[in-house]
Amino acid sequence: MNAMAYLDLPRVRQAQGVMALPGSKSISNRVLLLSAIAEGTTVITGLLDSDDTRVMLGALRQLGVQVSDLDAGRVTVEGVRRFPVESADLFMGNAGTAIRPLTAALALMGGDYRLSGVPRMHERPIGDLADALNALGARIDYLGQPGYPPLHIGRGDIAEDAVTRVQGSVSSQFLTALLLAAPLQAGRSGKPVTIEVVGELISKPYIEITLNLMARFGVQVQRDGWSRFVIEGGAGYRSPGQIAVEGDASTASYFLALGAIGGGPLRVTGVGADSIQGDVAFADTLAQMGATVTYGPDWIEVSGVRVADGARLKAFDTDFNLIPDAAMTAAALALYADGPCRLRNIGSWRVKETDRIHAMQTELEKLGAQVESGPDWLRVIPPAQDAWRDAHIGTWDDHRMAMCFSLAAFGPAAVRILDPGCVSKTFPGYFDVYASLVSA
């Protein structure tokens with residue numbers, strides 16, 4: 001897939017079947033880091049095999065952690081508490097879920113580390129995280145533009161009664177990184193570490209994932225709402241022995257959407273009513289748009305309309321602050337709505353793999369939609385049946401752009417996806433699975 005310049009999608013009318021989700025990217029990279037800095041050996045099952053998890057696996061091995069080869073989602077990690085290798089140059093690709101928590105962990109340990117990535121990674125902000133760590137006494141210097149990777153991490157002098165503040169409005173990954181790393185300092189000093197959030201915290205469900213996984217590794221975080229988090233002195237991670245990674249709820253959104261516009265029923269397995277991921281709430285959005293949604297403990301099934309026969313979804317005006325990744329799928333579904341659709345509170349799109357507000361507007365307009373946008377919102381007026389246009393969809397080196405616009409094949413236009421291999425970031429087999437579920 002990586003070598004393909006483009007993929008022409010045949011027009012399709014229906015979608016149905018059952019698919020097993022790949023492991024969650026967010027959970028996979030958190031669990032890998034936790035396993036590495038916990039006491040004991042951890043066997044991880046269901047681990048996502050993708051570019052982003054391979055970046056994390058490679059970095060941990062480079063830092064001296066013993067990690068078995070990934071085999072059918074299974075990997076064994078020997079915890080080290082402190083990384084044996086104290087000087088390294090780490091290439092982090094475009095994996096935000098890898099570079100940010102690793103930056104925090106390395107900064108609190110101290111050493112001589114350089115972290116860099118692809119050109120887009122050097123445009124993704126990390127200054128709020130670096131400021132919060134430096135306020136604790138860490139030593140992080142910028143090797144290029146201030147506030148952005150590449151970074152140099154040196155030996156700091158971490159305060160024993162550690163208190164720091166972090167902005168909550170840019171990316172929840174900054175708070176996640178601080179939370180994951182804080183027990184390294186709390187355990188070493190025997191004193192608590194306090195993290196205070198400045199401003200509104202976005203993407204709260206991702207913080208809930210972080211807190212849930214920390215608890216599974218033996219660290220309970222005390223919190224005062226979403227504004228103050230305390231890790232008790234003496235805290236330390238202990239391996240749970242074995243941990244299973246849930247299916248990826250963000251990835252589920254594309255397949256659940258297929259059920260909503262292709263008739264269904266379409267069932268995804270690996271997430272359900274018992275999921276710890278906030279993006280399962282995307283199914284509620286589909287229900288509001290007129291689809292029928294049913295849940296089991298570890299599955300969700302959607303049946304809907306057939307938009308290829310002229311049926312329409314209900315238009316929406318929704319705040320997507322809590323599920324920004326899955327919101328991209330809603331933007332693509334707006335092509336089939338019965339009126340204008342508005343996505344609100346999606347400012348975090350601006351600092352993702354690409355500027356997703358700009359990218360989404362550009363590609364939707366190619367298909368004939370009328371689109372308006374602002375700093376943190378998008379408004380989509382779906383094209384009339386005779387206003388659809390054939391389009392070559394740019395994916396902007398962003399896996400979610402490629403997967404979202406596969407939904408455009410239910411419209412009356414010819415759709416070509418450029419650089420389809422970018423899906424390898426989270427789901428290398430996406431288009432094969434998609435093809436197995438849709439038909440003309």
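This is a predicted model: local features need pLDDT of at least 70, side-chain atom pairs count only at pLDDT 80 or more; totals for chains, interfaces and linings use all residues.
**Overall build**

The chain comprises 440 residues, and its radius of gyration of 22 Å agrees with the value near 22 Å that a compact globule with 440 residues would have. Taken along the principal axes, the box filled by the C-alpha atoms is roughly 65 × 45 × 40 Å. The secondary structure consists of 12 helices and 24 strands.

Of the 440 residues, 60% count as buried. Among contacts with a separation of 6 or more, 74% are between residues 24 or more positions apart. The accessible surface of the chain is about 15,500 Å², and carbon and sulfur atoms account for 47% of that area.

**The annotated aspartate**

In UniProt, an unreviewed entry assigns the feature "active site" to Asp325. Within the model, Asp325 lies in helix H9, which covers residues 324–333. Is Asp325 buried or exposed? Its relative accessibility is 9%, and because the cut-off for burial is under 20%, Asp325 counts as buried.

Leaving aside residues up to four places away in sequence, Asp325 touches Tyr206, Ser250, Asp279, Lys352, Arg356 and Arg400. With one of these residues, Tyr206, there is also a polar contact between side chains: the side chains of Asp325 and Tyr206 are joined at 3.3 Å.

**The cysteines**

How many disulfides does the structure hold? The number is 0. Cys404 takes part in no disulfide, and the nearest cysteine sulfur to it belongs to Cys422, 11 Å away. Likewise, Cys422 is in no disulfide, its nearest cysteine sulfur being that of Cys404 at 11 Å.

| Residue | Relative accessibility | Class |
|---|---|---|
| Asp325 | 9% | buried |

**Summary**

The structure holds 0 disulfides, and the radius of gyration agrees with that of a compact globule.

How values were computed
Residues are numbered from 1 along each chain as its sequence is written. Side-chain values use heavy atoms; hydrogens and water are left out. UniProt positions are given in the numbering used here, feature names are shortened, and annotations may be inferred rather than shown by experiment. Helices (H or I, at least four residues) and strands (E, at least two) are DSSP runs, numbered from the N terminus. Buried means under 20% relative accessible area, exposed over 50%, partly exposed in between (1.4 Å probe, protein chains only). Contact means heavy atoms within 4.5 Å. A polar contact is a pair of N or O atoms within 3.5 Å; within protein, one must be able to donate a hydrogen and the other to accept it, and residues adjacent in sequence count only if both atoms are side-chain atoms. The radius of gyration is taken over C-alpha atoms; the globule rule is 2.2 Å times the number of residues to the power 0.38. Accessible areas come from the Shrake-Rupley method with a 1.4 Å probe; for residues, only the protein chains shown count as cover. A disulfide is a pair of cysteine sulfur atoms within 2.5 Å.
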